[in-house]
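User: Can you walk me through how some of the labels for this model come about? I'd like each value set against its cut-off.

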Amino acid sequence: MTIPSMAAPHAVGKGGEPDIVFSCLKRAGDAIARDGLANVVNATIGAIRDEEENFVALKSVEEYYRQLATEDLMNYAPISGLPNYLQAAIDFTFMGYQPEGTYAAAVATPGGSGAVRHIFYNYSEAGQKILIPDWYWSPYETIAYEHKRGIETYQMFDENNQFTLASVKEKSEQLLKNQDNLVVVFNTPGHNPTGYTITNQEWAELIEFYKACAENEKKKITLLLDIAYIDYAGTVEETRSFMQLFKGLPANILISFAFSMSKSYTMYGMRSGAVIGLSSYKEIADEFAKVNSFSSRAVWSNNTRGPQRLLADVAANPELKAAIDKERKSYYDLMVKRADIFLKEAAEVNLQVLPYHGGFFITVPTENPREIAAKLEEKNLFVVPLAKGLRIAVCAVPVYKMPGVATKIKSVLK
Ligand code: PLP
């Protein structure tokens, strides 16, 4: 007898699709083996590479991490996270821009991914839709699906590359007609894959809009700010001043953040982050800590203790913090330099690029992205084809390889 599947009905058919980034990466690796590193542009990787294309771990972070006490490296952490870590995650998220009269609560999660999971699960109902941007990090969809939620997308840009607030509003209103809980994802500053940062003006308008929606007290609106790239998208003021606008919000608007140590501390594989909730009501913040901590116990128990100890110590050690900030800034500056070369050349050859303000990636919108990416691969230029464009990882391509990239893409698009 052939048994085609042992999985329970809800799990049948799940998974198995090849990971697009890793398959591009593999082909880039093959090309490098064949033609040599100097002759291949590998713009597929979502992690910082130095000018020799080696993986970057901030030295100040790595050195501090390696000397942590055995207990901090190996022991359990509390389910919610080390208290000093949670405070540090809150402090490093707001950096002085937490609005007056608000309460913040945090629960440790395995990276920002864990935070996304908790918000999707605890702040929307099964069968409901999560509203995400049309240019999106694909795990949002995977996480929603895994938890029996669907996704709906809002358009990010109009034909003039302006952020389309109108679409966010329209889609939010549509969903609120059919569901009382609404989770809306904003991946800003330094959105993946475009690099867009929502402006303070746009935030002000969004907040007014959601306040009006929340006048119906049956509606519970949670905004999830995925801030994975926040430390590579500008100054503290540029990346955080908008947070001050989350002031005096009604109890039925919850602001939440997916805080991640993956990029900011180059601790990607250490799986450390936090879900942070912000409310003008203490009861809501207290509930946030309780429901999310319960979920942690139920899904992954506690999180790795080492990165938590590291962050807590960084918060208490201004010299260490300054060293990390300085080192991170040098890589951020490098990324800006790489992006500038690409963007300047794109403007010269008239290549359309979505608005880039920071972060690890730049996007070129195009039809037939797979076909275009395959043609670029023939020229030893490896990018990731998305549903509606090409993703170029400026975090990974050295400065000396940037000239010519935009021109090559333009020539293939022609
Ligand atoms: N959000 C976005 C948009 C990302 O690109 C990533 C990582 O690639 C994450 C969140 C979260 O990553 P992690 O779970 O490693 O913190």
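User: What do the buried residues of H11 pack against?

Analyst: They pack against H2, helix H3 (70-74), helix H4 (83-94), strand E2 (103-109), strand E7 (253-260) and helix H12 (318-348), with contact meaning heavy atoms within 4.5 Å. Helices (H or I, at least four residues) and strands (E, at least two) are DSSP runs, numbered from the N terminus. This is a predicted model, where local features need pLDDT of at least 70, side-chain atom pairs count only at pLDDT 80 or more, and totals for chains, interfaces and linings use all residues. Residue numbers start from 1 along each chain as its sequence is written, and side-chain values use heavy atoms, leaving out hydrogens and water.

User: What makes H11 largely enclosed by the rest of the structure?

Analyst: Buried means under 20% relative accessible area (exposed is over 50%, partly exposed in between; 1.4 Å probe, protein chains only). In H11, 10 of the 12 residues are buried, so the helix counts as largely enclosed. Among them are Arg305, Leu310 and Asp313.

User: Why is H2 called roughly perpendicular to H11?

Analyst: The axes of H2 (residues 59-66) and H11 (residues 305-316) come within 10 Å and cross at roughly 115 degrees. Roughly perpendicular covers 65 to 115 degrees (under 35 is roughly parallel, over 145 roughly antiparallel, the rest oblique), so H2 gets that label. Val61, Tyr64 and Tyr65 of H2 meet Gly306, Pro307, Leu310 and Asp313 of H11.

User: Why is Thr164 called buried?

Analyst: Its relative accessible area is 11%, so Thr164 falls under the 20% limit.

Definitions and conventions:
Axes are lines fitted to C-alpha atoms, for helices over the stretch in contact, and angles run from 0 to 180 degrees between N-to-C directions.
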